[in-house]
Protein chains: 2
Amino acid sequence: AIFEAIETYFTPKINDLEGQHWIITAGPTMEAIDPVRFISNHSSGKMGYALASAAAERGAAVTLVSGPTNLPTPQGIKRVDIKSAQEMLYACRVAAAEQADVFVGAAAIADFRVKDVATQKMKKQSDENEMQLTLVKNPDIIATLSTEDAAKYFVGFAAETQDVIAYAKGKLERKGLDLIIANDVSRSDIGFNNDQNQVVVLSKKSQWTPEKASKTELAKHLVDIIQTYQVNQPK
Amino acid sequence: AIFEAIETYFTPKINDLEGQHWIITAGPTMEAIDPVRFISNHSSGKMGYALASAAAERGAAVTLVSGPTNLPTPQGIKRVDIKSAQEMLYACRVAAAEQADVFVGAAAIADFRVKDVATQKMKKQSDENEMQLTLVKNPDIIATLSTEDAAKYFVGFAAETQDVIAYAKGKLERKGLDLIIANDVSRSDIGFNNDQNQVVVLSKKSQWTPEKASKTELAKHLVDIIQTYQVNQPK
C-alpha cells in the first residue's frame, strides 16, 4: 500500500486521458407498461456517475448516457438522458458516431421490455385474479456495440446475486468485452443504492480485486485499471 | 374570488381538526420482481404529502403511510414507510387500530403484484425471446378498509387517462367511498410528478371543481371540502 501510494504520488495522471472519448452508461432503465406504470430496477447510477467524473478529471471527453436518477451532472461532462433500453442504445450509437475509445456499460439495463405498451392506463378487470404480462428481450447494448466496433475498448459490469465470478467470465466472452467489473448485489453493504462498493475486475487473462471503497474512490481505481489495460493492450 | 378571500379571512380554521386522526397514503408502491427489479409507477407522492401537511396544520393527528418518494416528512406528522401494496394495507390497519376519522387514499397503488417473486436475480435465457410475467391482483386497500369500517370517512383518488368522471363515479360506489378526487393524468401540465394539479371532487350527490392550483394550495381546498362534508354528513 505504501509502494502504491508513492507510485500514485510520483505518477502525474492529470490529463493522461486527453484526446480520448469515453461513453459511459449509468442508472436504471425504465420500461413502460402503460402511461403510468413501468418496470425498473434499484440502480442509483452512483457507480456510473463516479466513473464519468473520474475519467473527466483525467482529461477524457465523457458522454454519460443516463437513465432516470436523482444525481447532479458531474462537471464538464456531456449528459444524455434516456428512459428505455432502446433509447439508451440509440443514444450510445449517436455518441459513438464521433469516435469512441472506451465504452463503459455501468447502467442496469432491463433485459426485457413490455411487448405491447398500453397507450391508456390499463383497467383492472374485477373478475380476473391473474394477468399475464408478455415481455420481449431488449437489445443487449454492450454486445451490440461491441459487434459494431462502436468503441476500441469495452468494459462491462456484472451485477449478480450468485456465482458472481463464473457468470462474469461468461459475460466477458459472450459479449466480446475487454474487461468486466463484477459485483455481488446480494450483499446489502455494497452495490445498488449504496455509497460503498467492492468489485472484482476480470480480463481474459487477469484479475484485479481493488479494496472495498467509496464509489468515488473505487471509480478512480477502475479508471486506472482501464487505462493501464489500454496501454498494455494497444489496438 | 374576493368573497372567498374575505370568507377565508374571517373563518378561523386553525385547529378545527383537533382530536381527529387522519390516515393518508401517498406515493407509488414498488412490487418486487426479483432482488433487483420491480414494477412501480410515476407517482411523486406530492399530493398526498401536501394533504398531510394541510390536515396537520389544522390540528389533525396525521399518519402518513408512504411508498418510496424523495420528499421530506412534513412537520408534526407520523410517517410510516412501506414498499408494496400488501405492506401498505398492513400499515394502514395498524394505524386504524387507534381510531381513524378520515382515510385519504392518495397513493398510486399497484393493482397487480408479481405472483412468484424470484429470490435470485432472474437470468436471461439466450434462446427465449419472450417471457411471461404472471401477475396477481393486489388487495384493494381503500375498499378493504371501507368494508372493515377502519375509518369514519373514506376519500379516494381516481387517476385516469380517459372518461375521468364516469370512472370516478363507478369507483366511488364500488369501493364504498364518501368522496372521490378525480384527475386526468393524461394531461402533462398537471398530475403525476407535476407541482400543479386540477381535480374534480365527487360525492354521491355533489360535485366540486376547485381551480387549477399548486398541490399545496389545492390540498388546503381539499381538506376544506373534506371537513365541510364531515360537518354536513355526521356519522
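How much area is buried between chain B and chain A, and what percentage of it do carbon and sulfur atoms give? The area buried between the two chains is about 3,900 Å², and carbon and sulfur atoms give 51% of it; buried area is the accessible area (1.4 Å probe) that two parts lose on being put together, summed over both. This is a predicted model, in which local features need pLDDT of at least 70 and side-chain atom pairs count only at pLDDT 80 or more, while totals for chains, interfaces and linings use all residues. Residues are numbered from 1 along each chain as its sequence is written, chains are lettered from A and ligands numbered from 1 in the order in which they are written, and side-chain values use heavy atoms, with hydrogens and water left out.

**Confidence**
- Chain A has a mean pLDDT of 90, and 89% of its residues reach 70 or more; pLDDT is the predictor's confidence in each residue, from 0 to 100.
- The scores of the model are ipTM 0.83 and pTM 0.85.

**The interface of chain B and chain A**
- In chain B, 41 residues are in contact (heavy atoms within 4.5 Å) with 41 residues of chain A.
- Four salt bridges are found across this interface; a salt bridge is a side-chain nitrogen of Lys or Arg within 4 Å of a carboxyl oxygen of Asp or Glu.
- B:Arg37 forms a salt bridge with A:Asp111, and their closest N and O atoms are 2.8 Å apart.
- On the side of chain B that touches chain A, the elements giving two or more residues are strand E3 (37-41), strand E8 (130-137) and strand E9 (153-160) of chain B; strands (E, at least two residues) and helices (H or I, at least four) are DSSP runs, numbered from the N terminus.
- E8(B) provides the largest share of that side, eight residues.
- Strand E8 (residues 130-137) of chain A and E8(B) run antiparallel and are joined by seven bridges; two strands pair if DSSP finds at least two bridges between them.
- A:Leu133 stands opposite B:Leu133 in E8(B).

**A sheet in chain B**
- Eight strands of chain B form an open sheet with mixed pairing, in the order E5-E4-E1-E6-E9-E10-E12-E13.
- Strand E5 (78-81) and strand E13 (207-208) of chain B stand at the edges with a single partner strand each, so one side of each has no neighbour in the sheet.
- Strand E1 (residues 21-26) and strand E6 (residues 102-105) of chain B run parallel and are joined by four bridges.
- B:Trp22 has B:Val102 as its bridge partner in E6(B).

**Salt bridges over all chains**
- The whole structure holds 24 salt bridges over all chains.
- A:Lys175 forms a salt bridge with A:Asp140, with the closest N and O atoms 3.1 Å apart.
- A:Lys175 lies in the loop between helix H5 (164-174) and strand E10 (179-184) of chain A, and A:Asp140 in the loop between E8 and helix H4 (141-147) of chain A, so the pair ties together parts that are 35 residues apart in sequence.
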